[in-house]
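Visitor: I would like to learn how to read a model of this kind, feature by feature. Could we begin with a single residue and then widen the view?

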Amino acid sequence: MEHQDQHPLNIVNNSSTGPIMETEKEKLFHEEFMENSIPIEGKNPPTYLLPFRPITAKGDRYRLGEYQESGRCMNILFLGFTGSGKSMLVETMGNYGLGVDFRDPYRFQVKMEESTDRSISHTFFARDARRFPRPVSLIDTPGFQKGTEQICTFVHSNYLDVHAVVYVVQGSQGYPLKWLLYQEAVAINKIPIQG
Ligand SMILES: Nc1nc2c(ncn2[C@@H]2O[C@H](COP(=O)(O)OP(=O)(O)OP(=O)(O)O)[C@@H](O)[C@H]2O)c(=O)[nH]1
Ligand SMILES: [Mg+2]
């Protein structure tokens with residue numbers, strides 16, 4: 001059961017007058033994240049671990065910002081071989097969704113794990129509404145070759161609608177793509193994709 005509590009961070013709203021986030025407000029928003037986190041060692045530019053909070057006791061679903069009833073959440077499932085770059089793409093999209101610019105002298109980090117051994121979702125209620133007009137959940141998964149059963153169970157047991165699937169393929173992985181596409185058919189048959 002998702003619970004509400006006070007969150008110290010600003011949440012970017014997509015109001016009826018359209019998404020608003022002036023550069024100054026955007027920087028304040030980022031500063032609040034930085035003040036609530038210490039930089040991760042050995043990262044250049046300085047990288048701050050985002051203050052995600054657990055949604056479930058199992059520790060497999062997290063949220064950033066206060067839970068919002070309004071505005072359906074967009075759930076994006078990342079699939080691909082081990083080491084293809086799923087988790088890195090989640091990190092990149094997380095920074096994008098928070099309004100981080102390429103020129104900004106800092107980055108944010110969604111999670112610390114090196115290798116993903118189970119499905120895990122991070123929901124951005126706090127976000128830059130120009131980039132993520134609706135709250136977005138990024139669902140990271142273990143390597144495809146480890147089987148899709150666990151991924152399906154995660155999606156079904158959390159009653160998640162999947163709105164998009166991102167298949168991550170390394171540029172050099174030409175041959176395994178064929179196998180990946182076969183697995184794709186298996187996965188799609190088991191996970192209903194919402195229109
Ligand atoms: N050069 C380059 N390296 C990348 C890219 N994406 C990921 N990597 C590197 O590839 C390695 C594995 O990336 P991950 O994002 O952890 O891969 P993953 O698909 O999440 O792997 P599992 O969690 O084990 O399934 C890391 O050392 C990354 O630094 C990319 O686009 N370019
Ligand atoms: Mg991973």
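Predicted model: local features only at pLDDT ≥ 70, side-chain atom pairs only at ≥ 80, totals over all residues.

Guide: Let us begin with K111, which counts as partly exposed because 17 C-beta neighbours lie inside 10 Å; a residue is buried if 20 or more other C-beta atoms, placed from the backbone, lie within 10 Å of its own, exposed if 12 or fewer, and partly exposed in between. K111 sits in the loop between β7 (107-109) and β8, where strands (E, at least two residues) and helices (H or I, at least four) are DSSP runs numbered from the N terminus.

Visitor: Is S121 buried or exposed?

Guide: S121 is buried, because 24 other C-beta atoms lie within 10 Å. S121 belongs to strand β8 (residues 120-124) and, neighbours within four places in sequence aside, is in contact with R61, S137, L138 and I139.

Visitor: How should I read the two faces of such a strand?

Guide: In a regular strand the side chains alternate between the two faces of the sheet. In β8, I120, H122 and F124 lie on one side and S121 and T123 on the other, and both faces are covered.

Visitor: Which strands pair with β8?

Guide: Strands of a sheet pair through backbone hydrogen bonds, either parallel or antiparallel. Here β5 (residues 61-64) and β8 pair in the parallel sense over 4 bridges, whereas 5 bridges join β8 to β9 in an antiparallel arrangement; two strands count as paired if DSSP finds at least two bridges between them. L64 stands opposite F124 of β8, T123 is the bridge partner of R63, and V136 in β9 is the bridge partner of F124. The open sheet has 6 strands in the order β4-β5-β8-β9-β6-β10, with mixed pairing, and its edge strands, β4 (53-54) and β10 (164-168), each pair on one side only.

Visitor: What does the largest nonpolar core contain?

Guide: In soluble globular proteins, nonpolar side chains tend to be buried together. A nonpolar core is a set of buried Ala, Val, Leu, Ile, Met, Phe, Trp, Tyr and Cys residues joined through C-beta atoms within 7 Å. The largest one here has 22 residues, and L50, L64, F78, V90, F124 and L138 have the most contacts inside it. At least two residues of this core come from each of β6 (74-80), α2 (86-97) and β9 (136-140).

Visitor: Which element gives the most to the shell around ligand 1?

Guide: That element is α2, with 3 residues. The residues surrounding ligand 1 include K86, S87 and M88, a residue being near if its C-beta atom, placed from the backbone, lies within 6 Å.

Conventions:
Residues numbered from 1 in each chain as written. Chains lettered and ligands numbered in written order. Contact = placed C-beta atoms within 7 Å.
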